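Okay, thanks for having me.

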Amino acid sequence: MTADPGDGWHALMLAMDLEPGSVAGCVLRGRELAVWRDARGVAHVWDDRCPHRGMRLSLGFLREGTLACLYHGWRFGPDGRCAHIPAHPELSPPATIRAAPWAAVERHGLIWARPVAEGAEVPGVEIGADGHVWTGAWTGVRSLRVGAPAERVAGVIGLAAGRLAGVLDRDVHGAVLAAILPVDGDACMLHVLAGSMAGAARLHALADWARDMRGCAEEAA
Ligand code: FES
């Protein structure tokens, strides 16, 4: 099964930007997501909405291997099920109370996610099936918000037509992996990674290049 990151797997953020025991929020085509990493280092992606009263789970905190909601402290395990309700500590919460998990995977220095129907199997992962070799380690350079549509940014930086992630054809300060997360119709996140052999000077130059590309894309928008 081939998974196109543009339509299937979405590159949410640089893996290095999510410390174990932390949670962050991001937006994919207007859909708010909570991304968190448990103490074992495994990344999880859920709808950013507490099943109790809708509080953003990305504002929560980790407690004993669960993600706790900031509002009333309900805790949710890695499978999304509610594990603890502080106001009723003796209660075993029903299985129907659960956050809405997405399929999540960490590859190529990025955290990817795609929607998955409740009870469905997690889809296969073949991220990078774009004709390029993605293997090897990638070092995160930077993520930056661009005030231009994702497809326009993809064209400006030189991604193959119709793709929002890939190894760039042109040599830009060494090997470059770029991935774009559409936030909404007018903005996106551009994630830039370098080949693992990149030194500090190259990383610095690549960060400048990413900023320049943002300028070009926003000018053209
Ligand atoms: S809104 Fe999350 S615990 Fe109440």
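So, we have four strands in an open sheet, ordered 11-14-13-12, with antiparallel pairing. Strands here are DSSP E runs of at least two residues, helices are H or I runs of at least four, and both are numbered from the N terminus. Two strands count as paired if DSSP finds at least two bridges between them. At the edges are strand 11 and strand 12 (165-167), each pairing on one side only. On average, neighbouring strands in this sheet are turned by 15° against each other, direction ignored.

Quick word on the source: this is a predicted model, where local features need pLDDT of at least 70 and side-chain atom pairs count only at pLDDT 80 or more, while totals for chains, interfaces and linings use all residues. Residues are numbered from 1 along each chain as its sequence is written, and side-chain values use heavy atoms, with hydrogens and water left out.

Now, strand 14 (residues 187-195). Eight of its nine residues are buried, meaning under 20% relative accessible area with a 1.4 Å probe, protein chains only. Strand 14 pairs antiparallel with strand 11 (residues 138-146) over eight bridges, and Trp138 has Gly195 as its bridge partner there. Strand 13 (residues 176-184) is also antiparallel to strand 14, joined by eight bridges. Those two make a hairpin with two residues between them, and Asp184 is bridged to Ala187. Further along, three bridges link strand 12 to strand 13, again antiparallel, with Val167 opposite Leu177.

What packs on the sheet? Helix 2 does, touching strand 11, strand 13 and strand 14, and its direction makes about 25° with that of strand 11. Contact means heavy atoms within 4.5 Å; angles run from 0 to 180 degrees between N-to-C directions, with axes as lines fitted to C-alpha atoms, for helices over the stretch in contact. Helix 1 lies across strand 11, strand 13 and strand 14, at about 160° to strand 13.

And how do the helices meet? The axes of helix 1 (residues 150-157) and helix 2 (residues 200-220) come within 9 Å and cross at roughly 125°. So helix 1 is oblique to helix 2: under 35 degrees would be roughly parallel, over 145 roughly antiparallel, 65 to 115 roughly perpendicular, and the rest is oblique. From helix 1, Arg152, Val153, Val156 and Ile157 meet Trp209, Met213, Cys216, Ala217 and Ala220 in helix 2.

How values were computed
Buried means under 20% relative accessible area, exposed over 50%, partly exposed in between (1.4 Å probe, protein chains only).
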